[in-house]
Amino acid sequence: MSLSRKSLVLLVLITFAICFYLFATYTDIVPTLLPFSVLVPGDVSAVWSRGPHHYREANADESTTGVPEFAASFSECTTGAASAHVRNTTTDVANSTVSNNQNTSDVISSELHQNTDMMGQCNRLPFLACDQTKMNVSVTKQFRVSVLRRPSWMQAFSFHQCEYPNCLFDDSQVTEDTDLVILYVGGLNDNYRPPKRWPHERYAAAVWESPHHTGASFLYDSHSVWNHAFNLTATYRTDSDIFIPYSRLRFQPKPVKERPNYGEIAKMKNKTAAWFVSNCKTQSRREDYVKEMQKYIDVDIYGACGQPCSKDNPDCLAQLPWQYMFYLSFENSICTDYVTEKLFKLFEPEMHIVPVVRGGANYDRHLPKDTVVNAANFKSAKDLALHLKTLAGDWKAYSKLLEYKDMYRSDSSQGIDGIACIACKFLNTKPVESKVYDMKAWMGDNHCREPNDIT
């Protein structure tokens, strides 16, 4: 069947449009005219270029220290909005830092070096909170959740504000209708006996202390009645069935024009490192590590192990972001994935200080890049101290690192403060598995190590 003149012209135009789209997408030309640009914080548009596996920034403003206003947001992981991670090393950061006199409206076009599969990105970084696209969830079924041995700091569960609100809470009470029993195992011994247990009920072992401070009998005795009593784990460990960290980080950068002058903040600081600590003798030997660091840089110690100053004292905390360049977030135990609130508190608003971390977690793998200085990347306390000294002497490199770190905020609702919602979502989205844990092997055996990085 022959085509009419108008149909032929229309076909040619469609073919041309498709060819132009493919050409613009897979070349270095930034297709700013394409209709699917995404508006993100800071009024910056991120558009596809070089196909679906690469992103390119377009019209990205530059801040006073040279950090781009990112053409991406972690708030819509499932829509493909790009991650805005800077992949420069410290040296690259220093070399690329621009003058403070440069106009913040300067336009840059820099290649993003982050994998742009955002759902995969969120899955790979367990301490990164990402908003998922909310679905219309059927909540016709109700689940009952009970908590046994609920510690005083844990609030009674409320599900009204949860993504999945179809759970009911029973405090310290288990019935035949209970679906999930969360049992806090800190200090658990064989003298504690739970109520009657029905075959369909799933028991989850919950704890947020390291094995060195859990005090549960099954950690030391494989014959403990609790060693094979749990079907699930609900802990800070990333391989838990129900992963509940102390907190998570959320990508929330301020627009460029609302950010402080990080160059001036860096120049204002006159001290290198601070450390608040109350436990003076630890498995990680952090006290010995810091003592070694003090041979090369100034480290001011506060709390029970140093100068009198409580970490809960607002006057003590107020001086941190303005006087000190680094805060030592050193864990008391070097155990798998053990990261406590001391790190996440440094991501509160106006906490303009760079965290230095030391512990058993794989910080490089589990946290957004360049948000912390990881002691594991240095052979000894001396090497770390000398690295901090170098950074402290280069205000441009330091200010850029600080500005990038400040683009993240702690969100405890995605961690320990959101236990109820996390548990209810688990019941709604995870299939029932028939398994029983050997808790001594899972939590106790070979999950903590002795330090070998002090000297």
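Residues are numbered from 1 along each chain as its sequence is written, and side-chain values use heavy atoms, with hydrogens and water left out. As the model is predicted, local features need pLDDT of at least 70 and side-chain atom pairs count only at pLDDT 80 or more, while totals for chains, interfaces and linings use all residues.

To start with the inside: in soluble globular proteins, nonpolar side chains tend to be buried together. A nonpolar core here is a set of buried Ala, Val, Leu, Ile, Met, Phe, Trp, Tyr and Cys residues joined through side-chain atoms within 4.5 Å; buried means under 20% relative accessible area, exposed over 50%, and partly exposed in between, using a 1.4 Å probe and protein chains only. The largest such core has 61 residues, and F157, L180 and W208 have the most contacts inside it. Helix 12 (residues 419-429) is the element that gives the most to this core, with seven residues. A second, separate core holds 31 residues, I297, F378, L384 and L401 among them.

Helices and strands are DSSP runs (H or I, at least four residues, for helices; E, at least two, for strands), numbered from the N terminus. In helix 12, the buried residues are I419, A420, I422, A423, C424, F426 and L427. Their cover includes strand 6 (143-148), strand 7 (167-171), strand 8 (180-184), strand 9 (202-207), strand 10 (232-235) and strand 11 (242-243). L180 shows some of this up close: leaving aside neighbours within four places in sequence, L180 is in contact (heavy atoms within 4.5 Å) with R144, V145, S146, R202, A204, L232, I242, A423 and L427.

Helix 6 (residues 286-293) is mostly covered too, with six of its eight residues buried. Those six are R286, E287, Y289, V290, E292 and M293. They pack against strand 13 (271-276), strand 14 (299-302), strand 15 (324-330), helix 8 (341-344), strand 16 (354-358) and helix 10 (381-392).

Now for the charges. The structure holds 15 salt bridges, each a side-chain nitrogen of Lys or Arg within 4 Å of a carboxyl oxygen of Asp or Glu. In one of them, R250 pairs with D411, and the closest N and O atoms are 2.8 Å apart. R250 sits in strand 12 (residues 248-251) and D411 in strand 18 (residues 408-411), so the pair ties together parts 161 residues apart in sequence. R250 is buried, at 10% relative accessible area, and D411 also counts as buried, at 15%.

Another salt bridge joins D300 to K271, with 3.8 Å between the closest N and O atoms. This pair links distant parts of the chain, D300 in strand 14 and K271 in strand 13, 29 residues apart. D300 counts as buried at 17% relative accessibility, whereas K271, at 28%, counts as partly exposed. K405 and D406 also meet in a salt bridge, at 3.3 Å from N to O, and both are buried.

D406 turns up again in the lining of the largest cavity, along with Q252, P253, K254, R259, P260, Y262, E350, H352, E403, M407 and R409. On a 1 Å grid over the protein atoms alone, a cavity is a set of points where a 1.4 Å probe fits but cannot get out, and lining residues have an atom within 4 Å of a point.

Definitions and conventions. 1 Å grid on protein atoms, 1.4 Å probe; cavity = no way out; pocket = protein on both sides within 12 Å on 5 of 7 lines; lining within 4 Å.
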